[in-house]
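Here's a quick tour of the pockets in this model. Have the structure open as you read.

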Amino acid sequence: MLPWFDALFVAFAVVLLVPSVILFIECVVAALPGFRRPSRAAEHPDARMVVVMPAHDEEAVIEETLRALMPELGPRGEVLVVADNCSDDTAAIARRVGATVLERNDPSRRGKGYALSYAIDHLAVDAPDVVVILDADCKVSPGGLARLAEHAHATDRPVQADYLLQTPREPTPVGRVSALALLVRNRVRPLGLHRLGLPCHLAGSGMAFAWRTIASAPPTHGHLVEDLQMGLDLAEQGHPPLFCPEVEVTSTLPTHDEDARGQRRRWEHGQLETLLHRGPRLIGRGLIGLRPELVALGLDLTIPPLALLVGMVVPATLVAYLWAWWGASFMPLRLLLLANVALFTALTSAWFRFGRAVLPPGELLSIPRYFIWKIPVYFAFLFRDRQTSWERTRRSSESQTDEEVDESQ
């Protein structure tokens, strides 16, 4: 039976090696100095743009977001806020600031996918040239809206901005490591793909679409990661998303670690479900149809969350060492050592080039604590206690208010 176990172990090692090598390529290419791939020059600067902003109980943040956004709209831009199942003053505040507001009330069907479909149906009566999707707590770099809109209109492809989730004013050590992991996912990896001339995945906010593109997208009702699903659907239709590093969209991570873990549970359970159900199919369709953009997206999709990947590669390497010492094949150990080198090089280059301000050298010792913090997320997925419905995450401002209330009591 030993040869069979050897073969299974080798196969498992290859499964871990492939995403490690892909991550290595993306991170190293992104970190190379002086390597720029300019985005295509913008055209149609007079395109009519509508910024769609799904909002569920966002009264704490939406006014600030809208007031910063309004001067960036230009003469042919407007904001459409979808107040989705709100129980607060989100709609009234948005109207007061000058946005057009749609109020949607359907408690049995909650989530961003439903809100976006509602907005698209409304816009179809008088369709704009471009739709930009922005979350209610996000800020856009100056000139970014126009750049995204022009870029989407010119290429007829979804365009994803550089979407960063920043640490709150007083971040916890776990929060800093979490911000670094998200920076690798949302900036470093898409930048590496962009420099290689390959598409990226959609990240949820700071996304721009030509009308004919988003109008043809299948609905993403009920998906935990509706942005990721939409990007894959559009790529299969011939519109692979394009990364636009010139435009920065920023939001803030939750203040409390428990809020952050709930947010990551939703994102990562959705990502893992998509990896299992869409990854192999996407690679297969790309190979059969000779479509390298689908192969690239499928291979990138095979990279699981970083904590999970590292948490599988390192223990598997220790087991492979004992396996070889016991007298079995050395091949699993060789493959897994290569995976360790690829992972270490990828994450070190990403941190050194992009992440030292997010996670200073003195706080690198927080990384093991972050892995421990993430264990319940993956155990829940493994043992079928999976996130299946959308749940809103408290904003940092709300968390701070709660703290003040607790102190006053």
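A pocket here comes from a 1 Å grid over the protein atoms alone: an open set of points where a 1.4 Å probe fits, with protein on both sides within 12 Å along at least five of seven lines, and lining residues have an atom within 4 Å of a point. This is a predicted model, so local features need pLDDT of at least 70 and side-chain atom pairs count only at pLDDT 80 or more, while totals for chains, interfaces and linings use all residues. Residues are numbered from 1 along each chain as its sequence is written, and side-chain values use heavy atoms, with hydrogens and water left out.

The largest pocket has 26 lining residues, with L16, L272, P304, L308 and M312 nearest its centre. Two or more lining residues each come from α1 (2-31), α9 (257-288), α11 (306-325) and α13 (367-382); helices are DSSP runs (H or I, at least four residues), numbered from the N terminus. The largest share, seven residues, belongs to α13.

Now for the second largest pocket. Its lining counts 19 residues, and V310, L347, T348, I367 and F371 sit closest to its centre. Here the elements giving two or more residues are α6 (173-195), α11, α12 (331-355) and α13, with α12 giving the most, seven residues.

Volumes are the space filled by probe spheres set on the grid points, which are joined across faces, edges and corners. Nonpolar means Ala, Val, Leu, Ile, Met, Phe, Trp, Tyr, Cys and Pro; charged means Asp, Glu, Lys and Arg; the others, Gly among them, are polar.

| Pocket | Volume | Lining by class |
|---|---|---|
| Largest pocket | about 730 Å³ | 22 nonpolar, three polar and one charged residues |
| Second largest pocket | about 540 Å³ | 17 nonpolar, two polar and no charged residues |
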